[in-house]
Amino acid sequence: MPQININGVEHTIDADPQMPLLWVIRDIVGLIGTKFGCGVGACGACTVHLDGQAVRACLTSLADAQGREVVTIEGLSADGSHPVQRAWEANNVPQCGYCQPGQIMQAAALLTQTPHPSDQQIADAMSGNICRCGTYQRIRQAIKSAAEAV
Amino acid sequence: MTVITNVSRRDLLKGAAAAAGLVLGFHIGFRKLPIAEAAETPHFAPNAFVSIDETGLVTIVASRSEMGTGIKTDLPLVLADELEADWGRVKVVQAPADPKYGDQNTDGSRSTWQFFGLMRLAGATARQMLETAAGQTWNVPAGECRAQTGFVMHAASGRKLAFGDLAKLAALMSVPPADQVRLKDRKDWRYIGKPRGVVDLKDIVRGRATYGIDTVVPGMKYASIERCPVYGGEVKSFDPKDALSVAGVERVVEIPATPMPSGFKPLGGVAVIASNTWSAQQGRQRLKVEWDYGPNAGHDSTTYRAELEATAREPGKVVRNHGDVDNAFASAVRRVSADYFVPYLAHAQMEVPNAVAHWLGGACETWSPTQNPAQVRKTVAEVLGINETDVTVYVTLLGGGFGRKSKPDYVAEAALLSRIIGAPIKVTWTREDDIQHDYYHAICAQHLEAALDQDGRVNGWLHRTVSPPIEATFQPNIVYDSGGELGQGVIDMPYYIPNVRCENGTAANHVRIGWYRSVYNIPHAFAVCSFADELAVATGKDPVEYLRELIGPPRILDLKALGVLVDYPNYGVNQLAPELANEYLIDTGRLRGVLDLAVANSNWGQKLPPRQGRGVAVHRSFLSYVAVVAHVAVGNDGEVAIPRLDMAIDCGTVVNPDRVRAQLEGAAIMSIGNALYGNITVKEGRVEQSNYTDYLVPRIDIVPETHVYFVENYHLPGGVGEPGVPPTAPAICSAIHAATGRRIRALPVDPQQLKV
C-alpha cells in the first residue's frame, strides 16, 4: 500500500493509487485545511507543498506523492507563526477564508524561492489562486509585509 | 452545574418594542428580544443572544451566517460594546436554525441594519443587570456602578467586581423592560466604529476553520449526483453497472426530479454513493443515464437575448410614470438612446454547494454552509414529509455565498439520500455541477432614451427593462419583474428629471434564476450609470458636472409622487422593519456626497496618457450610497487594465471600518468580473461553461489599487456587502470610453472591439 509523509507523519494509505492527493488528505487522512475548489488545477484552493514545491493536490495522484514529503496548511507551522500566516493575520486578508490555505501555501513557496518578489512576480506566482471574495489587494500587501519580515 | 434562569424574562416580550424606540433614540427594527431557554443556559443569560458564566466568559450567539462579510464578528461586537465586555473574553458561537433568533436569512445586505438596535439592546440589558447586581452586592445605588471592559466599578469607593463574580446574582434578577434600559452614548462606544479582525481569523490562516465541506459525521457516506443538463429534465432510465464496478462505490440511487419551477427543491438526478468523494465522482463518470430533456431543451441564450432586446424596443408595462414623457420627446431638441445587455452570471463561490444530512427515522439533522437556515429547515421538512421541528439545521462557515447559498436544494438532496441509504451522507457538488446547475443571475436587456432641451438637460427619460424575474424560479407563469427587482435601479432612479417613464417587458424563463450579489442592480446600474455618461459625452460636458446636474438639489425622493406604480420594498425595510422606513428614504444629498468624496480623491480631471481614461458612477442600493471613479488603461491589443479605483461609501454608522473596506475591495473585484469576464451562455438548454477554465473570474493580475473613503455621519447603518458592486462596472465601462472612444453597452467587455 502507498506510503506518504504528510506534515512529518508517515501514513499508509489503503486507496486507489490514482486517487488525487486532495481526497487522500481530506477524506482518508482527515486534514480539512486543504480545500476542493475546481478539481482541474484552475483555482489553487488545494495547494500543498510536495518536497517544498507548491502543487495542486487535485492534480497530484497518491502514486505521485508516494515516498515524498507533503506539507499542508496544518503543517506549515506548528502554531500559525510562519511569516506568511502572521502577515495574513496582520493584514486581515481573509473574507470567507476558504481559498486562503491555498493562497498561503502558494505565497510561502513563492517567498522561499523569491524572498523579495516584485508586484509582477507576485502576480505571476499567485495568478493560479482564485479568491472569489476578491482579497487580492491584501494578499499582495501581506506577501510584501511577509517578505520584509523574513 | 446549577441551572439558573431569569424568572421574569418574559416581561421583556410584552410591549417592549414600541417603547424601546424612545429610549434607544431610534427604533430597534425587531419586535422582541428572544429569551434564553433554561435547559441551555446554566449561566447568566438575560436573553438568547448572550450569556456569562462564573469565570466571566461571555458567550455571544451569531444568528446570521458568515460567508466572508465579517457579520459573525460585527454583530457580536455591537452587543459586546453595549455590554462593556472585554472582547478578549468573548466567545462567539454560530446559531443553528431557530425561529427564536428572528430572521436568519443572511441576504440582501441587511444583517447590520436589521440587528444593530437589537444587539445594542441585548448587550445593554445584560450590562445594566450586572451593574444592578454590583449595586446590591455593595449596598450602593446601581446608578453609581459602571461596567467597564468586563468589570463593574464603583468609583466612589474604588471597588470593582468581575462580570463572572456578578453572574450568579444577576441571573436571579428580573430582566428590565426595554424602555428602562439605558444605551451607551455613541461617544462612549468602545468597539463600534473601530477596525477589528474577525473571530475566525486565526483558524482560517491555520487551516482549522470548518466549512460545510469539512463536516464529518461517523459512518458518513459520500455522494456525487448526475443531474440533467437541461433545466426541468428528468431521468428516463439509467444503468448503474459500470459505476458500481468502481472500487469504493456502494450504491446508485435516483433522486426524483422536482416539477418545474423547482424553487428551492432538488433538481433530481442519479446519485452515486461511495466510501469517499473521489470514488463517488469516478463512479458517476461511468454512469449511463437516459434523460427526458423536457421543454427547455431548445433554450438558446443567443436567440433569447435577441427576443429580450426586441421586447425592450416595444412599450412594456408602465411601472413609473411622471410628467408627460411623450410630450417631452415630441418637443425634444435632441434625442439620445442606447440599448444595454448583461448576460447570465454564475456565482462561482469558492466552496461548491455541499451538505451533510443524517436521517434519524422521522427526524433529520443537517450540516451545511447556508445563508438561509430557516429555509433549509422548511425545504428539508417538505421533501421528507416531516415537521420542521424535526429538522435540525447546523450552520457552518460558508466558503462564499453571494446569494447561491440562500437556496437549500443541495441540503435537501443530502436529506433525501440519507433517508434512502439509512446512513449519514455528504453531498459534494463538483465545480462543473456548480457552474452548470446554478441559480443564475438574470440575463437582462434594456433600452434607454433621453429627451434633451437646448441646454443639453434631460427633460424626458424612458427606461425599459426586460429580464426573467426570480419569482419565475418559484411560481409558474411569472413574466414581469417584481417591485423589489424594479426597485433596484429602475423605478428608484434618483435623477432630477421632470418627465420619467419606466416600463417592464415580459420574459418567459428557462433556467433557475436567483439572487446574485447586488442582484438586479447589476444590469440596472450598468445601464443607468452608463447612460448618464453617454449623455454627458453627447452634450460635451464633464461627466462629473453632468452627474451633479442630474442628481440635482438635495432632497428626499417621494416615489409615489414621482409616479411609481408598483410596490417599492426599499430593500426589505418596509416589510421587515416598517418602523425604520423613514430612516432609510432615498436622499439625493447623500448620493451627491459620495460622488463628491470619490471625485475629490481621484485625480479627476488630471490628464492621462493615450488610451487611459477615467469614468465615474454613483448608485444607491441596499440603503447605502456608493460612488466609484475608475481609472483604466486599454492596451493596443484591447486588454483592459484597471490601475486604480476610488470608492466612496455612505452606509451611515459604521460598525467595523476594516470589514466595510474589505467588502468594497471585494465588491470591486466581483464587479470587475461582471464587467470583463462573466458570461454564462446556453445552447440546446445546456450551459456551455463548466469550470474556472471557461467561466472566468478575476485573478490577482487584474487587481486595482483600490481606495475606500467613508462619509461619516450619524445615520443608521445601511448595507455594505453588495452596494459596491453596482457602480463599479459602469464606472469601468465609462472609463474605457474615455480611453478609447468605444462605448460598452453589452457585458462582458469584448477586447476585440477595443483593439487599435
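Predicted model: local features only at pLDDT ≥ 70, side-chain atom pairs only at ≥ 80, totals over all residues.
Which residues in H4(A) meet which residues in H7(A)?

1. Chain A holds seven helices and five strands, and from the N terminus on its elements run β-β-α-β-β-α-β-α-α-α-α-α. The radius of gyration of chain A is 15 Å, close to the 15 Å that the globule rule gives for 150 residues, so chain A is as compact as a globular protein of that length.

2. Along the principal axes, the C-alpha atoms of chain A fill a box of roughly 45 × 25 × 25 Å. Of the 150 residues in chain A, 59% are buried. When contacts in chain A between residues at least 6 apart in sequence are considered, 63% of them join residues at least 24 apart.

3. Within chain A, helix H4 (residues 83-90) packs against helix H7 (residues 136-149) at an angle of about 130 degrees, and the axes of the two helices are 8 Å apart. Because of that angle, H4(A) is oblique to H7(A), and the crossing in which H4(A) passes H7(A) is right-handed.

4. To return to the opening question, H4(A) brings A:Pro83, A:Val84, A:Arg86, A:Ala87, A:Trp88 and A:Ala90 to the contact, where they meet A:Ala142, A:Ser145, A:Ala146 and A:Ala149 in H7(A). The residues of this contact of H4(A) with H7(A) divide into eight nonpolar, one polar and one charged.

5. Between the chains, 46 residues of chain B are in contact with 45 residues of chain A. On the side of chain B that touches chain A, helix H5 (201-206), helix H7 (277-285) and helix H18 (657-676) of chain B each supply at least two residues, and H18(B) gives the most, with seven residues. The residues of that side of chain B divide into 21 nonpolar, 14 polar and eleven charged.

6. H18(B) also packs against helix H19 (residues 725-740) of chain B, at an angle of about 50 degrees and with the axes 8 Å apart. That angle is why H18(B) counts as oblique to H19(B), and the crossing of H18(B) and H19(B) is right-handed.

7. The contact of H18(B) with H19(B) is made by B:Ala667, B:Ala668, B:Met670, B:Ser671, B:Ile672, B:Asn674 and B:Ala675 of H18(B), together with B:Val725, B:Thr728, B:Ala729, B:Ile732 and B:Cys733 of H19(B). These residues divide into nine nonpolar, three polar and no charged.

Definitions and conventions: Residues numbered from 1 in each chain as written. Chains lettered and ligands numbered in written order. Axes fitted to C-alpha atoms, helices over the stretch in contact; angles between N-to-C directions. Helix = DSSP H or I, 4+ residues; strand = E, 2+ residues; numbered from the N terminus. Parallel < 35°, antiparallel > 145°, perpendicular 65-115°, else oblique. Left-handed = near helix turned anticlockwise from the far one by under 90°. Contact = placed C-beta atoms within 7 Å. Nonpolar A, V, L, I, M, F, W, Y, C, P; charged D, E, K, R; others polar. Rg over C-alpha atoms; globule rule 2.2 N^0.38 Å. Buried ≥ 20, exposed ≤ 12 C-beta atoms within 10 Å, placed from the backbone.
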